[in-house]
Amino acid sequence: MRFSEFGLTTLKEVPADAEIVSHKLMLRAGLIRRLASGLFTWMPLGLRVLRKVEAVVREEMDRAGALELLMPAVQPAELWQESGRWDKYGPLLLRMSDRHGRDYCFGPTHEEVITDVARKELRSYKQLPVNFYQIQTKFRDEIRPRFGVMRSREFIMKDAYSFDLDQTGLEASYARMHTAYTAIFERLGLKFRVVDADSGEIGGSRSQEFHVLADSGEDAIAYSDEDNYASNIETASTSSDGMNTPAATEDLKKVATPGIKTIEALCESLDITAGQTLKTLIVDGTDGPIALALRGDHELNTVKAQKIPGVASPLTMASPESIVKATGCGPGFVGPIGLDIPIFYDHATLGMSDFVCGGNEKDMHYTGVNFDRDVEKPATADIRNVVVGDPTPGGKGTLSIARGIEVGHIFQLGTKYSEAMDATVQDPDGKNQVMSMGCYGIGVTRIVGAAIEQNHDDAGIIWPEPLAPFDVVLVPINMHRSDEVKEAAETLYAELREKGLEVLLDDRNARPGVQFADAELIGIPHRLVISERSLAAGELEYRHRNDSESRNLKREEALKLL
């Protein structure tokens, strides 16, 4: 491809609405252009990268025995009503009506449609197992689209759905997809981790996420190389094993703390650390308010907490009016002493003594609080986020925390959709049996952004070679003023293409500094510079995008290297 014919426009300035590196670089390098909030046009350069991702995904899915199909993006409301998700999915679902007044949605996912396909096409257990997949456009009406393609409203996704006779078959299909996903991300040249995760609104009994590691990642991942453990922080578990409550050394006192409603302000006022405080949060329950108590330096995990019996799901903090009615005081001064509503303590509270908590009275706190003496020693639950240094669930190591960008998610759905939509086959005994389903998604467009977040420098993108839009960029210096340079560049361009390499020839009448800057911004792995000086020496100037310096190679050496 010739640069002059490519229609590529790069930008020097960072667009004002771009917040993260990938968004900035994708706009500057001309990979995408914004149409509206959360909607982007993929320009020719960006589309080349996108197609590279799709090709690897398609090859590995085919290798795993999955069958490609293409389902409609627009889906009838009846299917979503049948599964129960028409109302449950919420405002993320883009709803629309046709000219006849029939309700539809633009599919954010395709569980309902594929289950409808399966119940019509699959009759016997002899047709199982089967796994259907597609690569297709989705739409989720994000309340605040941001970060470019990382959280856009319209995106391209590979979604696959397996059907098996029973749970044993499902686990085998799930394992095949785990292997296929691992191969995909390895082939794409990305550093990633597979983590246990919460199934969320998709549902199911087990799920795992594939995260590309990057400092800008939205998700926190807890991991331990010692224990070969990794989990999304939402599901990383804690326990009370080995937790002992120290003996009391202080007397219980009630102290005035006027206007102090935060842990930070309390610590400053009493000259203590957050780990010496106990915070009591009031949330809505199915039968009235419920209290959740945890150490002041720990964070409530809403995913875990909303699974506690009696706690409303999704978890909702109680209103100030509800708190006053249930506790007799406003937010910021609630504590467990004398509290007459159900209260659940986090495991880590067992290791506390002589702690500070709310006094259940405006502008008052207790100090020197101890279990058994002042508060009944509690049964505890896992309701907090893990922190660095926590023991792993297996007990063989301690946890570290890294940031990750979720680019893939695999679920064991079980019979959640097949039962609701009566998707059955005849089993070997001739009886109807509900099929067990798996669901497997990869964010194709998101992978492009995640790859840039993981691979860039101050000059621009550094593509992993399998993702690069071109293998090599040829930069002839002043070719419009030198027939020798022009002829050498054209000859080399033809020769490299004949060898099967994807080549970008920068044939613009531009200054060398502009050519070099654009080559680095776009991130093409290999660069060959052709000049009158190098030709006189029988050499080419070579530089890999990861290298800090160029080196001169004989023409044959450069060709062999490429």
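**Charge patch, hairpin and salt bridges**

Helix H13, residues 483–498, supplies the largest share of a negative patch, with three residues. The structure is a predicted model. The patch lies on the surface and gathers Asp483, Glu484, Glu487 and Glu532. Glu487 belongs to helix H13. Its relative accessibility is 58%. Residues over 50% count as exposed, so Glu487 falls in the exposed class.

The chain as a whole was examined next. Its secondary structure amounts to 16 helices and 30 strands. The C-alpha trace spans about 90 × 70 × 50 Å along its principal axes. The chain has 562 residues, and 51% of them count as buried.

A hairpin is formed by strands E1 and E2, with two residues between the strands. Strand E1 covers residues 32–36 and strand E2 covers residues 39–42. The two strands pair in the antiparallel sense, over four bridges. Arg33 has Thr41 of E2 as its bridge partner. Gly38, in this hairpin, adopts a positive phi near 75 degrees.

Salt bridges were searched for across the whole structure, and 36 were found. One of them joins the side chains of Arg193 and Asp225, with an N to O distance of 2.8 Å. Arg193 sits in strand E9, residues 192–196. Asp225 sits in the loop between strand E11 (219–224) and strand E12 (229–232). The pair therefore ties together parts that lie 32 residues apart in sequence. The two partners fall into separate accessibility classes. Arg193 is partly exposed, at 21% relative accessibility. Asp225 is exposed, with a relative accessible area of 59%.

Arg206 is partly exposed, with a relative accessible area of 39%. Asp196 is partly exposed as well, at 30% relative accessibility.

Another salt bridge brings together the side chains of Glu361 and Lys254. The N to O distance is 2.8 Å. Glu361 is placed in the loop between strand E17 (355–358) and strand E18 (364–369). Lys254 is placed in strand E13, residues 253–256. The contact therefore ties together parts that are 107 residues apart in sequence. Glu361 has a relative accessible area of 37% and is partly exposed. Lys254, at 36% relative accessibility, also counts as partly exposed.

Note on methods. Residues are numbered from 1 along each chain as its sequence is written. This is a predicted model: local features need pLDDT of at least 70, side-chain atom pairs count only at pLDDT 80 or more; totals for chains, interfaces and linings use all residues. Side-chain values use heavy atoms; hydrogens and water are left out. Patches are made of residues with over 30% relative accessible area and no salt bridge: like charges are joined within 9 Å, nonpolar side chains (Val, Leu, Ile, Met, Phe, Trp, Tyr) within 5 Å. Accessible areas come from the Shrake-Rupley method with a 1.4 Å probe; for residues, only the protein chains shown count as cover. A salt bridge is a side-chain nitrogen of Lys or Arg within 4 Å of a carboxyl oxygen of Asp or Glu. Lys and Arg count as positive and Asp and Glu as negative; His and the chain ends are not counted. The place of a charge is taken as NZ of Lys, CZ of Arg, CG of Asp or CD of Glu. Buried means under 20% relative accessible area, exposed over 50%, partly exposed in between (1.4 Å probe, protein chains only). Two strands pair if DSSP finds at least two bridges between them.
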